[in-house]
Amino acid sequence: MRDDLGAGVRLGAVRRVVSLVPSLTEAIAESAPGLLVGATDWCSHPAELDVVRIGGTKNPDVARIVALRPDLVVANEEENRAVELDALRAAGVPVWVTVVRTLDEAFDSLERMLVGACGLPAQPWLAEARRAWAGLPRPTGEPVRAVVPIWRRPWMVLGRDTFAGDLLRRLGVEQLYADHAERYPAVPLEELRASGPELVVLPDEPYRFTATDGPEAFPGVPAALVSGRHLTWYGPSLVTAPAVLARQLADTVRE
């Protein structure tokens with residue numbers, strides 16, 4: 001089979017899976033929890049997940065993964081580094097890499113991974129997520145112009161071709177840096193303020209923005225504190241993400 005990068009992955013029966021991506025961990029745990037034997041330290045959902053922890057997304061312990069004898073390791077081209085993935089392949093471990101930059105890509109990628117690679121039946125939660133987003137009312141009026149920081153030391157924002165940006169677009173939010181040459185550009189705070197945002201969207205991951213840490217940097221601009229999991233994870237959270245994010249975007253604070 002071929003993964004999202006088009007790389008051939010030789011697979012037999014998949015009974016032991018290690019996930020290097022929190023989103024994919026949650027997706028597999030919801031679909032077939034018995035498959036997972038390892039996950040990263042950042043894989044926080046489901047809360048009761050009880051598997052071997054193999055380090056972070058950027059620094060997984062390759063030897064520990066190999067020792068788990070996985071039939072498949074699932075990864076992402078953005079969240080994981082090629083050096084560890086190549087080391088796993090060299091050790092004879094099949095590696096499936098996902099590429100997700102839009103909502104539609106997420107749906108298709110999850111189906112290929114779960115049904116094609118893992119050999120599972122079509123998942124009801126994935127069909128429900130598709131329905132939830134398909135049933136989202138089309139935004140009316142002009143989109144709200146926003147900056148979407150993901151870090152603040154230095155300030156970094158969503159740029160071009162991001163999954164989170166696609167979700168926000170569907171919810172009526174226009175990123176001011178959507179046409180930037182970089183996907184996650186570092187932009188000085190003064191420039192962010194001068195760009196004329198009508199809204200600043202502050203997720204709680206990867207940087208944990210809060211009501212007292214973030215809005216004060218944009219005086220006079222409404223700030224929406226949103227769930228990073230619902231904005232950036234592509235898994236079962238997509239079922240409730242439209243309603244959760246719409247509510248949080250409407251509930252703003254102002255400094």
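Arg69 is exposed, with a relative accessible area of 58%, where exposed means over 50%, buried under 20% and partly exposed in between, for a 1.4 Å probe and protein chains only. The views show a predicted model, in which local features need pLDDT of at least 70, side-chain atom pairs count only at pLDDT 80 or more, and totals for chains, interfaces and linings use all residues. Residues are numbered from 1 along each chain as its sequence is written, and side-chain values use heavy atoms, with hydrogens and water left out.

**View 1. Arg69 has a positive phi of about 55°.** Arg69 is not a glycine, and its place is in the loop between helix 2 (62-67) and strand 4 (72-76). Helices (H or I, at least four residues) and strands (E, at least two) are DSSP runs, numbered from the N terminus. Most residues other than glycine have a negative phi.

**View 2. Asp161 has a positive phi of about 50°.** Asp161, likewise not a glycine, is found in the loop that lies between strand 8 (155-157) and helix 6 (163-170). Asp161 is partly exposed, with a relative accessible area of 44%.

**View 3. The peptide bond from His45 to Pro46 is cis.** Omega for this bond is near 0°, and Pro46 sits in the loop between strand 2 (36-39) and strand 3 (52-53). Most peptide bonds are trans.

**View 4. Glu205 and Pro206 are joined by a cis peptide bond.** Here omega is about 5°, and the loop that holds Pro206 runs between strand 10 (199-203) and strand 11 (223-226).
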